Amino acid sequence: AAYRAEHQIGAGEGTDASALPACVRDFSRAPFAPAVLGALRAAGFSSPTPIQAQAWPIVLSGADLIAVAKTGSGKTLAFLLPALHVLTAGGARAPAGGAPSPRALVLAPTRELAMQIEAESSRFGKCVGCASLCAFGGAPVHAQKAALLRLRPDMVVATPGRLVDLLGQGALELGSCGIVTLDEADRMLDMGFEPQISQIFAKLPPAAAVGAQSSRQTLCFTATWPKAVRKLAASYLRADATITLFIGG
Ligand code: ADP
Ligand code: MG
């Protein structure tokens with residue numbers, strides 16, 4: 001599919017497709033664990049979707065990413081698989097003591113979406129020994145707190161409101177969270193989650209230079225690219241190290 005890529009936040013600035021890492025056009029060229037590649041084939045997938053082909057090497061390079069791509073284009077695995085790779089490649093795990101301290105966070109607008117994403121992160125995370133947990137509103141908070149303590153997950157998938165509640169109760173902390181994904185950013189803003197997103201980012205590591213110690217990598221996935229999403233991305237992604245992909249448009 002056609003895509004357009006830019007190196008700066010904000011349409012029209014700094015278009016430079018030549019600086020992009022090469023697309024991963026087939027699974028055998030992806031650096032993921034053999035068990036992950038096996039699970040992709042077992043799912044009946046024959047090749048990466050265009051957003052996956054382009055996003056995987058960008059995320060693995062450590063850059064921040066904005067991906068604008070329509071529903072059904074395979075965005076979930078576009079961010080989950082490189083995040084799982086980064087989490088497990090070094091063999092590191094979430095710290096064993098203190099409050100549960102995930103190393104990856106995904107924010108999604110609804111319970112249904114959070115559950116779908118977490119089902120995928122569990123399915124592929126299992127291949128590499130990476131535990132995930134889903135936290136959403138409309139369910140008892142104490143059960144999610146207990147599950148956090150029991151699992152000490154590497155990856156948390158949450159709706160913004162419930163994550164703010166859990167943070168307020170000290171049920172987890174985000175200081176070790178080096179990779180953060182805003183999924184369906186446009187819908188999260190439509191639903192009025194901007195204040196919660198802002199509170200969450202205040203607890204995350206800073207977006208320091210790529211490769212710097214305890215720096216945060218931020219990914220923003222969205223189906224549409226209105227001004228509100230551009231503003232959100234400009235607030236939380238690294239202006240000098242963000243690639244914006246427009247897939248299929
Ligand atoms: P989006 O988030 O862009 O709406 P999803 O991540 O939900 O898209 O994926 C849409 C569908 O495509 C899902 O059923 C998913 O399992 C499937 N899918 C994901 N990656 C691939 C692939 N590489 N090949 C075929 N189907 C895929
Ligand atoms: Mg999606």
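Visitor: Which residues of α2 are buried?

Guide: The buried residues of α2 are P50, I51, Q52, A53, Q54, A55, W56, I58 and V59. This is a predicted model: local features need pLDDT of at least 70, side-chain atom pairs count only at pLDDT 80 or more, and totals for chains, interfaces and linings use all residues. Residues are numbered from 1 along each chain as its sequence is written, while chains are lettered from A and ligands numbered from 1 in the order in which they are written.

Visitor: What do "buried" and "helix" stand for here?

Guide: A residue is buried if 20 or more other C-beta atoms lie within 10 Å of its own, exposed if 12 or fewer, and partly exposed in between, with C-beta atoms placed from the backbone. Helices (H or I, at least four residues) and strands (E, at least two) are DSSP runs, numbered from the N terminus. Now the case. Helix α2 covers residues 50–60, and nine of its 11 residues are buried, so α2 is largely enclosed by the rest of the structure. After α2 comes G62, with a positive phi near 95°.

Visitor: Which residues does A78 contact, leaving aside its neighbours within four places in sequence?

Guide: Contact means that two C-beta atoms, placed from the backbone, lie within 7 Å. A78 contacts I51, Q52, A55 and A67, with neighbours within four places in sequence left aside. A78 sits in helix α3. It counts as buried because it has 30 C-beta neighbours inside 10 Å. The C-alpha atoms of A78 and A55 are 5.9 Å apart, although 23 residues separate them along the chain.

Visitor: How many residues does the largest nonpolar core have?

Guide: First the general idea. In soluble globular proteins, nonpolar side chains tend to be buried together. A nonpolar core is a set of buried Ala, Val, Leu, Ile, Met, Phe, Trp, Tyr and Cys residues joined through C-beta atoms within 7 Å. Here the largest has 72 residues, and A55, L65, A67, L107 and V157 have the most contacts inside it. Helix α3 gives the most to this core, with eight residues.

Visitor: Which residues are around ligand 1?

Guide: A residue is near a molecule if its C-beta atom, placed from the backbone, lies within 6 Å of it. Around ligand 1 are F45, P48, T49, Q52, A69, T71, G72, S73, G74, K75, T76 and L77. Helix α3 supplies the largest share of this shell, three residues.
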